Amino acid sequence: MTGSSNAHPPLRPFVAGNWKMNGLNASLSEVAALIEGIDRRTGADVMLCPPVSLLAAIAAMARGTPLLVGGQDCHTAIAGAHTGDISAEMLRDAGASAIIVGHSERRADHGESNAIVMAKAAAAHRAGLIAIICVGETAEQRRLGTALEIVGDQLAHSIPAAATAANTVLAYEPVWAIGTGLTPTVQDVADVHLFMRKSIESRFGAQGTAMRLLYGGSVKPSNAAELMATAQVNGALVGGASLKAADFLGIIAAYAPRT
Ligand code: PEP
């Protein structure tokens with residue numbers, strides 16, 4: 001399970017928790033416990049993507065700590081008549097340093113196409129934020145043997161041309177593994193991540209070599225070490241298990257502290 005880029009130094013891991021539409025002010029105690037538990041010498045970038053209602057409060061708690069804060073979605077415009085939406089600039093203003101775009105729940109629930117996802121990623125870049133761009137096949141697509149084709153198509157059409165390793169992180173999230181407790185085999189994860197690496201290297205060259213590739217889908221403390229040790233996996237996007245500080249810290253612990 002060796003990748004195409006093993007000659008390069010390892011990429012700094014990135015572990016992001018996606019709270020989705022979960023969390024009230026009462027949940028801030030979990031954030032306090034998370035901040036308390038993160039090893040200051042951690043070898044990973046650690047981020048929480050809470051609902052917008054909690055973002056500024058969590059950003060204030062995280063200031064001066066290793067915890068980073070991100071948004072879960074954004075509009076493509078800077079501002080304007082878009083009731084209920086939020087712009088990348090507003091998220092940055094509230095303390096975000098990244099935005100998840102193209103999560104499969106947005107693609108499915110809101111009909112977001114690759115073109116929309118690309119425009120949202122470009123909006124994140126415009127605001128100076130990292131775009132965490134999600135891709136992944138459905139159970140049916142995997143059954144039909146088209147997983148790599150689907151992921152390749154999403155990569156080709158969801159990543160803006162101006163993407164760099166500094167402003168873009170990619171997350172492979174098989175739709176059937178999200179919130180189900182199911183995970184692909186380590187070999188399947190390695191196969192897709194190697195495919196992704198080759199695909200972005202052929203388009204972005206050295207920037208593609210340095211872009212971090214996250215795995216997401218039922219990551220738990222019990223499977224994190226094995227998944228995170230897989231070739232071309234540079235971190236995790238975590239849903240359910242990021243809601244409890246103890247579980248999220250268990251996943252973060254898959255990365256040894258920096259010495
Ligand atoms: C997600 O929604 O990004 C996710 C990976 O969810 P879970 O960890 O709950 O499967």
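User: How are α1 and α11 oriented to each other, roughly parallel or roughly perpendicular?

Analyst: Start with how the angle is defined: axes are lines fitted to C-alpha atoms, for helices over the stretch in contact, and angles run from 0 to 180 degrees between N-to-C directions. Angles under 35 degrees count as roughly parallel, over 145 as roughly antiparallel, 65 to 115 as roughly perpendicular and the rest as oblique. Here helix α1 (residues 28–37) packs with helix α11 (residues 245–252) at an angle of about 30°, their axes 9 Å apart, and α1 and α11 are therefore roughly parallel to each other. Keep in mind that this is a predicted model: local features need pLDDT of at least 70, side-chain atom pairs count only at pLDDT 80 or more, while totals for chains, interfaces and linings use all residues. Residues are numbered from 1 along each chain as its sequence is written, and side-chain values use heavy atoms, with hydrogens and water left out.

User: Which residues of α1 and α11 meet?

Analyst: Contact means heavy atoms within 4.5 Å. By that rule, E30, A33, L34 and G37 of α1 meet A245, F248, L249 and I252 of α11. By class, this contact has 6 nonpolar, 1 polar and 1 charged residues; Ala, Val, Leu, Ile, Met, Phe, Trp, Tyr, Cys and Pro count as nonpolar, Asp, Glu, Lys and Arg as charged, and the others, Gly among them, as polar.

User: What is the handedness of the crossing of α1 and α11?

Analyst: A crossing is left-handed if the near helix is turned anticlockwise from the far one by less than a right angle, and right-handed if clockwise. The α1 and α11 crossing is right-handed, and α1 passes α2 in a right-handed crossing too.

User: At what angle do α1 and α2 pack?

Analyst: With helix α2 (residues 52–62), α1 packs at an angle of about 30°, and the axes are 11 Å apart. On the α1 side, L28, V31, A32 and I35 meet L54, A57, I58, M61 and A62 in α2. This contact divides into 9 nonpolar, no polar and no charged residues.

User: How do I read the strands, and in what order do they close into a barrel?

Analyst: Strands of a sheet pair through backbone hydrogen bonds, either parallel or antiparallel. Helices (H or I, at least four residues) and strands (E, at least two) are DSSP runs, numbered from the N terminus, and two strands pair if DSSP finds at least two bridges between them. In this model, 8 strands close into a barrel in the order β1-β2-β3-β4-β5-β6-β7-β8, with parallel pairing.

User: How do helix α5 and α7 cross?

Analyst: The axes of helix α5 (residues 114–126) and α7 come within 8 Å and cross at roughly 45°. That makes α5 oblique to α7. N114, A115, V117, M118 and A121 of α5 make the contact with D153, Q154, A156, H157 and S158 of α7. One of these, Q154, counts as buried at 10% relative accessibility.

Definitions and conventions
Buried means under 20% relative accessible area, exposed over 50%, partly exposed in between (1.4 Å probe, protein chains only).
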